[in-house]
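Biologist: I'd like to learn how to read a structure like this one. Can you walk me through it?

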Amino acid sequence: MDEAVYQAYKRAGAIAREARDYGQSLLKPNATYLAVATAVEQRIQERGGRPAFPVNIARNHIAAHYTPTATDPLVLNSGDLVKLDVGVHINGYIADTAVTHEISTSTHTKLIQAANEALDHAIAIMKPGVPPSDIGKLVETTITGYGFKPIENLMGHSLTQYELHSGLSIPNIGAYASRRKPQEGDAIAIEPFATTGGGHVISGEGSNIFICVDSFKTHLVRDRALKQTYDRIRSAFSTLPFASRWCRPFLPHNSDLPLRRLARLGVIREYPQLREEHGGMVAQKEHTVIVTTDGCEVIT
Ligand code: MN
Ligand code: MN
């Protein structure tokens with residue numbers, strides 16, 4: 001890996017770690033999702049990074065993909081099992097990290113521990129050439145050893161410049177066929193999910209998280225004002241996910257309507273919330289690593 005690229009990853013990782021830990025300290029009863037997300041994103045900017053995606057706050061049976069709107073009334077409560085997922089980039093080089101925190105109670109300590117330990121075990125065997133299914137198998141046996149299930153359809157992923165999911169997947173189960181194996185210099189996010197449910201997530205309502213879909217379709221945007229809004233969004237966020245609340249400077253009258261129109265035209269896409277199919281509680285832990293000659297370095 002090029003030294004400048006490595007340094008960018010290291011900086012992104014250090015900022016992501018600090019922002020994640022700061023965010024975790026804000027997860028208290030009556031805190032609003034909006035206050036937590038904006039405080040963490042502000043900390044990222046203050047430290048010289050940029051959010052690689054909106055701060056995700058997902059509680060209980062929601063595994064991932066929710067960020068508050070600009071006027072979001074949602075409030076955290078005692079007993080909530082909260083996944084806080086933070087991404088930072090420096091020049092497009094991304095660090096992706098998440099933690100699970102139970103607010104004021106300790107009903108789900110073992111579930112959190114299962115995800116944490118699964119990640120520790122996965123990191124311990126990550127190296128060039130290791131089959132992703134071996135990592136998945138280890139994650140699976142660790143989590144089932146606690147009496148829980150891994151989520152079979154959520155995976156870790158390689159990261160490249162301005163690309164959050166760049167082709168290599170790290171499963172949370174053993175039964176997964178992949179042709180690609182980690183190589184020295186790869187940046188990879190590893191993220192075990194443990195659940196009290198069946199181990200499968202399905203798409204739910206909108207997340208308020210969008211991404212530009214680069215394609216021939218942009219010529220379908222014939223309305224000039226709408227096209228201008230799209231161009232501003234595309235140049236502000238490139239190929240990375242963004243929050244509807246981040247678009248406020250580009251949206252007249254603080255209306256999300258242009259986003260809905262662009263989504264209908266297929267030039268931007270909204271991520272759905274991912275919820276555990278049977279309503280199981282979900283814990284997640286995530287680190288980004290850089291694969292070395294004989295192992296990996298955790299950067300978050
Ligand atoms: Mn993440
Ligand atoms: Mn990730």
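Modeller: Helices (H or I, at least four residues) and strands (E, at least two) are DSSP runs, numbered from the N terminus. This is a predicted model, where local features need pLDDT of at least 70, side-chain atom pairs count only at pLDDT 80 or more, and totals for chains, interfaces and linings use all residues. Residues are numbered from 1 along each chain as its sequence is written, chains are lettered from A and ligands numbered from 1 in the order in which they are written, and side-chain values use heavy atoms, with hydrogens and water left out.

Biologist: What is the phi of His253 near? And is His253 buried or exposed?

Modeller: Phi of His253 is near 60 degrees, a positive value in a residue other than glycine. Buried means under 20% relative accessible area, exposed over 50%, and partly exposed in between (1.4 Å probe, protein chains only). With a relative accessible area of 79%, His253 is exposed.

Biologist: Where is Asn91 found, and what is its phi near?

Modeller: Look in the loop between strand S3 (81-90) and strand S4 (93-102) for Asn91. Its phi is near 55 degrees, again positive in a residue other than glycine. Asn91 is exposed too, at a relative accessible area of 52%.

Biologist: Now the metal. Which residues are the protein donors of the manganese ion (ligand 2)?

Modeller: Donors are N, O and S atoms within 2.8 Å of the metal (3.2 Å for Na, K and Ca); water is not among the atoms, so sites may look incomplete. Here they are Asp96 (OD), His157 (NE2), Glu191 (OE) and Glu286 (OE), lying 2.1 to 2.2 Å from the ion. Glu191, in the loop between strand S8 (187-190) and strand S9 (193-195), and Glu286, in the loop between strand S13 (282-284) and strand S14 (287-291), link distant parts of the chain, 95 residues apart. Both Glu191 and Glu286 are buried.

Biologist: How far apart are ligand 2 and the manganese ion (ligand 1)?

Modeller: They are 3.2 Å apart, and Asp96 coordinates both.

Biologist: Zooming out, how many helices and strands has the chain?

Modeller: You'll find 6 helices and 15 strands. Of the 300 residues, 52% count as buried. The C-alpha atoms fill a box of roughly 55 × 45 × 35 Å, taken along the principal axes.
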